Amino acid sequence: MPSAILALEDGSVFKGSSFGASAERSGEVVFNTAITGYQEIFTDPSYAGQIVILTNPQIGNYGTNAADNESSRPYIEGLAVREFSSITSNWRSDEEARAFLGEHGIPVVSDLDTRALVRHLRTRGVMRGVLSAVESDGAKLVERARQIPTMAGLDLASRVSTAEPYEWSKPVEPCSPSELVAPPLEPRYHVVAYDFGIKQNILRRLVQVGCRVTVVPALTSAEDVLALKPDGVFLSNGPGDPEPLETQVSNVRRLLGKTPVFGICLGHQILGLAVGGRTYKLKFGHRGANHPVINKVTNRVEITSHNHGFAVDPDSLNSNDVEITHMNLNDQTLEGFRHRHYPAFCVQYHPEAAPGPHDSHYLFDDFVKLMASEH
Amino acid sequence: MPRRNDLHRILIIGSGPIVIGQACEFDYSGTQAAKALRGDGYEVVLVNSNPATIMTDPNLADRTYIEPLTRPYLEEIIRRERPDALLSTVGGQTGLNLSVDLAEAGVLDQYGVELIGAKIDAIKKAEDRLLFKDAMRKIGLETPRSKLVKTEAEALEFAERIGYPCILRPSFTLGGTGGGIAYNREDLVEIIERGLALSPVHEVLIEESVLGWKEFELEVMRDLADNVIIICSIENFDPMGVHTGDSITVAPAQTLTDREYQMMRDGAIRCLREIGVDTGGSNVQFAIDPKTGRMVIIEMNPRVSRSSALASKATGFPIAKIAAKLAVGYRLDEIRNDITRKTPACFEPTIDYVVVKIPKWQFEKFPGADPTLGTQMKSVGEVMAIGRTFKQALWKGLRSLETGKAFGSEKLDKSLIPQKLITPTPDRLNYIRFAFESGYTADEIHEMTAIDPWFLRQIEEVIRLQGELQKESLDTVSKDTLVSAKRFGISDAQLARTWGTAELTVREKRKALGVVAVFNRVDTCSAEFESFTPYLYSSYESVSEADPTDRKKVMILGSGPNRIGQGIEFDYCCCHASFALQELDCESIMVNCNPETVSTDYDTSDRLYFEPLTLEHVLNICDTEKPDGLIVQFGGQTPLTLALPLKRQGVPIIGTDPENIDLAEDRKLFGKLLDDLGIPAPENGSATSAEEACAIARRIGYPVLVRPSYVLGGRAMVIAYDEETVREYMREAVSFSQERPVLIDRFLEDATEVDVDALSDGDDVLIAGIMEHIEEAGVHSGDSSCVLPAQSIPRRQLDTIEDYTVRLAKALHVIGLMNVQYAIQNGTVYVLEVNPRASRTVPYVSKATGVPLPKIAVGLMLGKHIRDFTDATGVLPVLQDFVKSPVFPFNKFPGVDPALGPEMRSTGEVMGVGANFGEAFAKAQISAGTPLPDTGTVFISVNDHHKPEAADVARRFAALGFKLVATRGTAASLRAAGLTCKTVFKVNEGRPNAVDLLKAGAIQLAVYTTAGAPAFFDEKAIRRSAVMHRVPCITTLSGARAAAEAMAARKRDPIRVWSLQEIHAREKATA
């Protein structure tokens, strides 16, 4: 079995077996604690620039299938797991997970002590790293890890965004004859979705609730968006630091009050900046599918899917303009707010799930209601 | 929505005796609930009939009733206690059914008791199969096609429509009792008859087969604000068709994509909402067609279940404790996660390891029972193992089972492979491994077992590595290969066998190469947050998280999986040992692998190691913890077998020296000790030939007890009344050799057997209890009812027993607990056996006397004296009558002879408390599920030498108004004694015979004794039908006498109950 190495900027070196492409990639090393949904994680563009550690020790068991992709290709830079399955077993699988990553040049290190790695990052915070299935000198890799740019200040959203606008009309397809998926509602609203690295399940969910979606590049101006005569504008998730996204923030600021706005994840952070808030980097982020979030309006707890390294500082928001609607019960970080004067709201977590629980699908309905009331 | 302040006193109902399908997982849930509610300031009244439980410890509730779990007794308790609420969801199916019964009978309304946890409508909707199916259809969840039938004809008609095989499930029975899979018409007819008889409502569900589908369970919790979380997903290794209690199960689910898992999660949550479980934990089972992904819901339990105990241990999320808090109004987000301290309990645990549960079966105890696994649960216990990967966990789990055989050393037959793979039995996993070794492909094995290819691949990978290891030797093996082997879960012992060396030699080499076990934490969050509870499992990762302290610490070895003869009693002892250590300011470290127990709750001990109880694993923990002492005397046989090997490795064992524990087991050495002390034992000898055996028997006189020196299988012992039987036994019954001679003891006929538990500190000895057995000697002490205080033993003999016990304790230098078994015949007291360790009766004696024996024993082991704990000397006083009675699993094993004998077969026990013996015995029989009748007919058939006494007993039945029927010989002797009695045929004589009468419901009590020789067809048939038709069947005369007294008491005494606390207060006052 060929070997692979994950080297961190602080000098730690973790060795294991190579299970993916014979390649070397670098990025910020982060961990995700979700038990299911590795394929959705691989293909979530928000992971651009990141090497992902999965805490579930058994990865690859059910292979991959075309329907569960969140974008056209895997976006993770590299993958570190405890054990990668040598076979695939699932009725929907059409490719081995290993082959899927290999084809896209993504290196995988397996058989390493992922728990030790996670505890290391939990204590010291996320850091830069290099995953190599070609270089066997750990010291060299540590040196390379120190050379790569840090995540802070990096505009990754524009890099992963679509180059051209496109229409989206695909609804959610049931994964089994027993999955209850209501037929999509008649498309009554036209939503323009900013692609900062959008997950396809967001698009599918928008179609489900009766939206016709036009996806536009990250740097499309507010005026061009308004020219499309949207009933609402959606701000997508995406990778990296929100702070350098000045153009995007200023576009959103110009949209506020002119059309209903709904943001998820990076979209939430951009909206936060647009209303005058501040963002900061979390020590090791939130990545998983089990975070309890309280909806302060209904006083109900939702179990939610997360993937973010930055957050909006709730103290930076002007409470005269903004109402906090959602808070994280684990660490009291801000999870969602709405504008008191404009039809705009957003959440930090992922109501579209994929992977994760479906507790928060209602937010898409809320967006539709908001568009309906502004109509 | 915080704590409800309108409730003050809450009643908790336990689950009764340990039976197949309902074991100590409900002691765990009841204990957690009682602790949680009391911790919150509620007054807790607890009732359970099982004295071996930790939940019935008087410290855990404000008032504890060990009383029958039936409506009349519960009503009396409710009348006395006037609780505000009844928590229905932590006492298993028994607690739930009883709650429904009390509600429907109007008792709860009459006394203003609110049902909390699950309301009556929700319980009925979940439990009634038709209502459940309707409810599921309403919310768009499919169920297998099915129909409830009440007759055979209806069953046949529906089966023709859906096709064979089909599944049969009797309504309202535990663990699927009486159910089965019918592959054809004949099967159906057989199962439907049994099922209709066993179902209390005489109703059976026939269901479309989903055999071979993937099976999953989700553990769900909901609070009053409708917040819902999933605690754990579980995937069954064995596909549909094998009861989940008999399946190997794996957490978390391994072969579902997120889409499929979320579909199941959504379904489970909709199910809980529709059924209307207000608060607490529920368990929802699903099946998925591996070819199409079609999903059906199988069932849901609106209560804490076996799987919730497993899920709690698998994730570190204490389901029963949280369920209790939710029932009194808390919201999930108002409760803290104990393990992380910072985060709330409102989240879904995520785990970075794999958990495997493996059931433990004991078919060897039940010759004649069918070992095929189906919809009726047959296992008696289970083990859980935690590993970083499935492979590691599976192999650890196999070691935890203590099969007595090393994995891989079983005798397997190649020609049986297809059969053993197709028909699930306890052997199936061994045969899967064997099939791989024999060249079968994973596809072929999947074809025959329908086990998911992913699981099979994991096994194949280990087998492949084992093949590679065979090419190595201890000298050539590289560090990397050794690491791989350990990471795959392969034991040192197995490596030693592969390389023809000793286990400890492998261990040395391994440590020399730096391949050492580390310990990881179970933390509910995959390391995302820091954990504050040392709940640990071993692995071969890079960093250890054990962080041992430098406090004074003592390690307790638990008792492993439940099995017949070693169950919850020992968990009681281990938990108390742990509590005592903490009180004595000593860190307690628990090692055990049984997920059902209180001892494996992370907050029972200061530190918990969830590990197999094998030399390798215990030594690894000792290397890390370096304990000041190790306790082996509380966990039954399991830790005792490790005592000497551990001592040789320098582990400091505290309490009685293992050498002395061993001495008591060694026939020669122990015989010499008794001679030296001048204490009589039954005459005995050992033989290696039939001639020798007959000579010994002649010398010591008939009858004799003949047995092999190692107990094997079921027919281990025989009581021989003549030479012919001895010859036959030597010829046919057992194999023997120079090393394993046959042991022959004089059988003390009609002797009274006595069990004694005592404490010793090396100087003083305190006799905790002298228990008189109700069945005569010859019935295994664990299968005999017994009573405290002794009823019929004269003072002089009690003094002799006391004297012998004290001298034996001193001679064996006992520090801690000791149990002695005596037999009294014709005024002479004989010692049968001495066990210098905690016995099965310790919890029973502790509850009868109010003196916590294990707690004192721990003190003694730490160097304290008996007088430091109590002023009592001599024998502890007992103020009321306490009868302990066994509970048998015969209704699970049709075809097995239920006669009592020298081989223990009971799975659990109950206790009856009375103001007199009859009352206590009557209550114990009610609790054991074999209530004695108030009126009707008694059937009597006894062997010749019991006939004179039989007349005495029969007279008492007659005096209570019972009619008598008897077989010819017995009838003649009863009439000779002046009694009126009908004659009935024996089974082989003609009809109508006793079996016909039983079937017709014309007999309410059967008394049938056997001489202990191999039972006749006739006797077996009668006893079997008695079990089938729920007629109490007594197989000893002393038992019959006790029954007569109990029946008299039922006529005489009112329904009355006592709490342990009030009894103990009186005992203290008089002491």
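This is a predicted model: local features need pLDDT of at least 70, side-chain atom pairs count only at pLDDT 80 or more; totals for chains, interfaces and linings use all residues.
For its 375 residues, a compact globule would have a radius of gyration near 21 Å, and the 20 Å found for chain A agrees with that. Displayed as a C-alpha trace and viewed along its principal axes, chain A spans about 60 × 45 × 40 Å. Colouring by secondary structure brings out 10 helices and 19 strands. Buried residues account for 61% of the chain. Of the contacts in chain A with a separation of 6 or more, 78% are between residues 24 or more positions apart.

**Strand β13 of chain A**

Select residues 232–235 of chain A, which form strand β13. A:G232 and A:F234 point one way from the strand, while A:V233 and A:L235 point the other way; all of them are buried. In a regular strand, side chains alternate between the two faces of the sheet.

Residues 189–195 of chain A make up β11, which pairs with β13(A) in the parallel sense over four bridges. To locate this pairing, pick A:Y194, whose bridge partner in β13(A) is A:L235. Then select β14, residues 261–264 of chain A; β13(A) and β14(A) also pair in the parallel sense, over three bridges. Here A:V233 has A:V261 in β14(A) as its bridge partner.

**The contact between the chains**

Show both chains and select the residues at their contact: 51 come from chain B and 48 from chain A. On the side of chain B that touches chain A, the elements giving two or more residues are α9 (258–275) and α16 (453–470) of chain B. The largest share of that side, eight residues, comes from α9(B). Coloured by residue class, the chain B side divides into 20 nonpolar, 14 polar and 17 charged residues.

**Chain B as a whole**

Now hide chain A. Chain B contains 36 helices and 38 strands. Its radius of gyration is 28 Å, close to the 31 Å that the globule rule gives for 1071 residues, so chain B is as compact as a globular protein of that length. The C-alpha atoms fill a box of roughly 80 × 65 × 65 Å along the principal axes. Of the 1071 residues, 60% count as buried. Among contacts in chain B between residues at least 6 apart in sequence, 71% join residues at least 24 apart.

**Helix α19 of chain B**

Zoom to residues 503–512 of chain B, helix α19, and show B:V506, B:R507 and B:R510, which are buried. Seen down the axis of α19(B), these buried residues fall within an arc of 100°, so they line one face of the helix. An α-helix has 3.6 residues a turn, so residues three or four places apart point the same way. To see what the buried residues of α19(B) pack against, select α17 (479–487), α18 (492–498) and α21 (615–625) of chain B. After α19(B) comes B:G514, with a positive phi near 80°.

**An open sheet in chain B**

For the last stop, select the four strands of an open sheet in chain B, ordered β23-β26-β24-β25 with antiparallel pairing. The edge strands, each pairing on one side only, are β23 (684–687) and β25 (718–720) of chain B. From one strand to the next, the twist averages 25°. Finish on B:A687, whose bridge partner in β26(B) is B:V742.

Terms used: Residues are numbered from 1 along each chain as its sequence is written. Chains are lettered from A and ligands numbered from 1 in the order in which they are written. Two strands pair if DSSP finds at least two bridges between them. Axes are lines fitted to C-alpha atoms, for helices over the stretch in contact, and angles run from 0 to 180 degrees between N-to-C directions. The radius of gyration is taken over C-alpha atoms; the globule rule is 2.2 Å times the number of residues to the power 0.38. A residue is buried if 20 or more other C-beta atoms lie within 10 Å of its own, exposed if 12 or fewer, and partly exposed in between; C-beta atoms are placed from the backbone. Two residues are in contact if their C-beta atoms, placed from the backbone, lie within 7 Å. Ala, Val, Leu, Ile, Met, Phe, Trp, Tyr, Cys and Pro count as nonpolar, Asp, Glu, Lys and Arg as charged, and the others, Gly among them, as polar. The arc is that of the directions from the helix axis to the C-beta atoms.
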